[in-house]
Amino acid sequence: MLNIVLFGPPGAGKGTQSKKIIDKYQLVHLSTGDILRGEIAGGTELGLEAKKLMDQGILVPDEVVIGMINNKLDAGKDSNGFIFDGFPRTVAQAEALDRLLESRNSGISGMIALEVDEEELRLRLAKRALEQDRPDDAKPEVITKRIEEYRNKTAPVAEYYQRQGKYSFVNGIGSIDDIFRKVCSVIDSW
Ligand code: B4P
């Protein structure tokens with residue numbers, strides 16, 4: 001099984017690259033952001049709680065996100081593998097993911113971090129706010145909070161995979177196709 005963690009700050013292009021990776025490698029896409037937005041659209045209790053946090057740029061509690069992932073792993077058990085997009089976002093989530101995969105005799109093949117500087121991230125999210133209904137992209141102070149959450153809670157996840165020898169990075173600035181080519185050369189080297 002090919003299990004890839006696609007990592008990076010908000011707006012780094014995780015969702016954008018994931019779509020291309022799943023097509024090429026026939027993987028199941030597991031985006032916690034998309035799942036949470038689905039819960040919000042469905043008006044579920046979980047969605048209502050998540051919306052309050054996401055609209056402020058705050059991460060949703062680990063136990064909520066880990067529970068969601070656990071359910072989805074069974075749905076894709078006969079696939080070629082998963083691309084984890086926007087998950088894990090904390091070390092506790094990374095540890096839980098390892099446990100969940102281990103219990104299914106599987107594991108993470110590698111993590112790819114998309115590196116993009118803050119100025120470019122802000123430009124991309126501001127642009128997306130004009131194109132899509134993403135309340136978390138519309139306010140500069142919410143973007144600031146998301147970047148802060150990333151630095152404080154998510155960046156240590158990169159060190160977690162580095163310690164396991166599973167960390168790679170790709171420059172996330174440039175054309176989507178050029179970045180995709182670099183991502184593929186990392187995956188093909190595993
Ligand atoms: P996510 O949905 O994961 O969203 P994201 O980090 O903002 O976006 P991504 O990096 O996927 O960017 P994209 O490709 O779309 O998270 C949203 C919120 O959900 C979080 O803040 C949090 O509250 C909650 N959440 C999600 N997962 C969680 C978890 N595990 N634990 C707790 N909370 C969680 O790209 C952005 C824009 O850039 C797009 O408009 C795209 O077209 C553009 N773009 C992409 N690549 C480009 C390129 N090369 N050049 C120019 N523009 C590019």
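At what angle do the axes of helix H4 and helix H5 cross? The answer opens the first of these legends, which describe a predicted model.

**View 1. Helix H4 against helix H5.** Helix H4 covers residues 62-75, and helix H5 covers residues 91-102. Their axes cross at roughly 25° and come within 10 Å. Angles under 35 degrees count as roughly parallel, so H4 and H5 are roughly parallel to each other. H4 passes H5 in a right-handed crossing. From H4, the contact draws on Asp62, Val65, Ile66, Ile69, Asn70 and Leu73. These meet Ala92, Gln93, Ala96, Leu97, Leu100 and Leu101 of H5. By class, the H4 contact with H5 comprises 9 nonpolar, 2 polar and 1 charged residues.

**View 2. Helix H2 against helix H3.** Here residues 32-41 form H2 and residues 45-54 form H3. The two helices pack at an angle of about 120°. Their axes are 7 Å apart. The crossing of H2 and H3 is left-handed. H2 contributes Gly33, Leu36, Arg37, Glu39 and Ile40. On the H3 side, the partners are Leu46, Gly47, Ala50, Lys51 and Met54. Sorted by class, the contact of H2 with H3 holds 5 nonpolar, 2 polar and 3 charged residues.

**View 3. Helix H6 against helix H8.** H6 runs over residues 118-131, and H8 over residues 140-163. Their packing angle is about 135°, with the axes 11 Å apart. Angles over 145 degrees would count as roughly antiparallel, and 65 to 115 as roughly perpendicular; H6 and H8 are therefore oblique to each other. Their crossing is right-handed. Glu118, Arg122, Leu125 and Arg128 make the contact from H6. Pro140, Ile143, Thr144, Arg146, Ile147 and Arg151 make it from H8. The contact of H6 with H8 divides into 4 nonpolar, 1 polar and 5 charged residues.

**View 4. The surroundings of the ligand.** There are 29 residues around the ligand. Thr16, Thr32, Arg37, Arg128 and Arg146 come nearest. Arg37 also belongs to the contact of H2 with H3. Arg128 and Arg146 also take part in the contact between H6 and H8. Which atoms pair up with the ligand? In the side chain of Thr16, an N or O atom is 2.8 Å from a ligand oxygen. A polar side-chain atom of Lys14 lies 2.9 Å from an oxygen atom of the ligand. Gly86 uses its backbone: a polar atom there is 3.1 Å from a ligand nitrogen.

View 5. Most peptide bonds are trans. The bond from Phe87 to Pro88 is cis, with omega near 0°. Pro88 sits in the loop between strand S3 (82-85) and H5.

View 6. Most residues other than glycine have a negative phi. Where is Gln26 found? Gln26 lies in the loop between helix H1 (14-25) and strand S2 (28-31). Its phi is near 55°, a positive value in a residue other than glycine.

Notes. Residues are numbered from 1 along each chain as its sequence is written. This is a predicted model: local features need pLDDT of at least 70, side-chain atom pairs count only at pLDDT 80 or more; totals for chains, interfaces and linings use all residues. Side-chain values use heavy atoms; hydrogens and water are left out. Axes are lines fitted to C-alpha atoms, for helices over the stretch in contact, and angles run from 0 to 180 degrees between N-to-C directions. Helices (H or I, at least four residues) and strands (E, at least two) are DSSP runs, numbered from the N terminus. A crossing is left-handed if the near helix is turned anticlockwise from the far one by less than a right angle, and right-handed if clockwise. Contact means heavy atoms within 4.5 Å. Ala, Val, Leu, Ile, Met, Phe, Trp, Tyr, Cys and Pro count as nonpolar, Asp, Glu, Lys and Arg as charged, and the others, Gly among them, as polar. A residue is near a molecule or strand if one of its heavy atoms lies within 4 Å of it. A polar contact is a pair of N or O atoms within 3.5 Å; within protein, one must be able to donate a hydrogen and the other to accept it, and residues adjacent in sequence count only if both atoms are side-chain atoms.
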